[in-house]
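Here are my notes on the model, point by point. Please read them with the structure open.

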Amino acid sequence: MAVVVVTDSSASLPAELAAELDIAVVPLHVLIGDRAIREGVDPVDIDYAADTVTTSAASPGELRAVYEQAWELSGGDGVVAVHISRQLSGTWEAGRQAVRDMDAADRVRLVDSLGAGLATGLPVLAAARRAQGGASLDVVYDTAVAASSRARTFILVNRTEQLRRGGRLSAAAAFFGSELVTKPLLQIVEGRLELREKVRTRSKAFAKLVAAAVDAAGEDGAAVAVQHLGAEDAAQTVATQLRDLIPGIRELIIAEFGPALGVHLGVGAVGVLVLPGGCT
C-alpha cells in the first residue's frame with residue numbers, strides 16, 4: 001500500500017489528476033440562504049454578487065470520515081492532509097480536531113498549505129506523486145510542507161468588497177482596492193491575503209500579474225497554474241504569456257476557481273499560482 005494524500009475542494013484540482021493519484025478530496029460548503037451546497041458534489045447555480053451567499057469549512061466529522069477511509073486505504077502507511085491556509089478558512093483547525101479523536105492520530109499528518117486554490121493543489125500534487133512512488137510518511141509530509149513554503153499566489157480581482165465582507169482582507173486594503181484603483185492585485189503572504197499593488201488600468205494590471213509570476217518562478221523551472229472565475233479568455237492569454245516567459249516551465253494547469261473561493265473573489269478574478277522547482 002502507500003501513503004494517501006487528502007485535501008479539500010478549495011485546492012481546485014482537476015478531477016482526472018486527483019483520481020490518477022488517488023487523492024481524497026473533502027468538499028467545502030457554499031451557503032445559499034438556508035441551503036448548504038457541497039462543493040464539487042452538489043449541483044449549484046450561484047449569484048456571486050449576492051450578499052446572502054457565503055461559505056463554510058468542512059466539519060471535523062466530515063474530515064474524520066475521510067481521514068479514516070484514507071487510513072484504511074493506506075494499509076497503515078499513513079495519511080497526509082494538505083488544506084487551505086488556516087488564515088483563510090477553518091478547515092485546517094477542523095482537521096486538527098478530527099485527528100485528535102482518531103485512534104491512528106500519530107499516522108495522520110496535517111499540513112497548512114499557506115495558500116488557496118492551486119497554491120494548495122500544487123503542493124498536494126507534489127506530495128501525492130511522492131506517495132505514489134512509494135515514499136514514506138515522513139517524506140510525503142516533508143514534501144508537502146516544503147512545497148507549501150515555496151508556492152506563491154497572485155490574484156487580480158475586479159473589486160474587494162466580497163473579500164472584506166467575508167473577513168479575508170483587511171478593511172484598509174479593501175478601501176484602497178475599491179476606491180482608488182481599477183484592478184487590485186493581491187498576493188498571499190504567510191497564509192494571509194494582502195494587497196500587493198494598486199493598478200489603474202486593466203492592461204497594466206495583467207502585465208503586473210504576469211511579471212510577478214515570472215519573477216516568482218525563477219530560472220530553474222516551475223509548475224504554474226492559472227485560475228479564473230468567468231474569465232477564460234483572459235486566463236488563456238495569461239497562460240500563453242507565461243509559457244513564453246518562464247524558462248523550462250514544467251507543468252501548466254488552467255482551471256476555474258471553485259464556488260468556495262469564487263464567492264469571495266468575484267466574477268472576473270484571475271490568479272496565477274507558482275511552485276518553483278515543480279511538483280516532482
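1. Asp-22 is exposed, with a relative accessible area of 57%. (Buried means under 20% relative accessible area, exposed over 50%, partly exposed in between, with a 1.4 Å probe and protein chains only.) Asp-22 sits in the loop between α1 (15–20) and β2 (24–26). Its phi is positive, about 55°, although Asp-22 is not a glycine. Most residues other than glycine have a negative phi. Helices (H or I, at least four residues) and strands (E, at least two) are DSSP runs, numbered from the N terminus.

2. A word on the basis. This is a predicted model, in which local features need pLDDT of at least 70 and side-chain atom pairs count only at pLDDT 80 or more, while totals for chains, interfaces and linings use all residues. Residues are numbered from 1 along each chain as its sequence is written, and side-chain values use heavy atoms, with hydrogens and water left out.

3. Leu-114 also deserves a look. Its phi is positive, about 65°, and Leu-114 is not a glycine. The residue lies in the loop between β7 (108–112) and α4 (118–132). Its relative accessibility is 34%, so Leu-114 counts as partly exposed.

4. Next, the helix pair. α8 (residues 202–217) and α9 (residues 232–245) pack at about 40°, with their axes 10 Å apart. Axes are lines fitted to C-alpha atoms, for helices over the stretch in contact, and angles run from 0 to 180 degrees between N-to-C directions. The two helices are therefore oblique to each other (under 35 degrees is roughly parallel, over 145 roughly antiparallel, 65 to 115 roughly perpendicular, the rest oblique).

5. Which residues of α8 and α9 make the contact? From α8 come Arg-202, Phe-206, Leu-209, Val-210, Ala-213 and Val-214. From α9 come Ala-234, Val-238, Gln-241, Leu-242 and Leu-245. Contact means heavy atoms within 4.5 Å.

6. Now the sheet. It is open, has 6 strands and mixed pairing, and runs in the order β10-β9-β8-β13-β11-β12. Two strands pair if DSSP finds at least two bridges between them. β10 (192–199) and β12 (251–256) are the edge strands, each with a single partner, so one side of each has no neighbour in the sheet. Neighbouring strands are turned by 20° against each other on average, direction ignored.

7. Within the sheet, β8 (residues 152–156) pairs with β13 (residues 270–276) in the antiparallel sense over 5 bridges. Leu-156 stands opposite Val-270 in β13.

8. Finally, helix on sheet. α9 lies across β11 (222–228), β12 and β13. To β11, α9 runs at about 165°.
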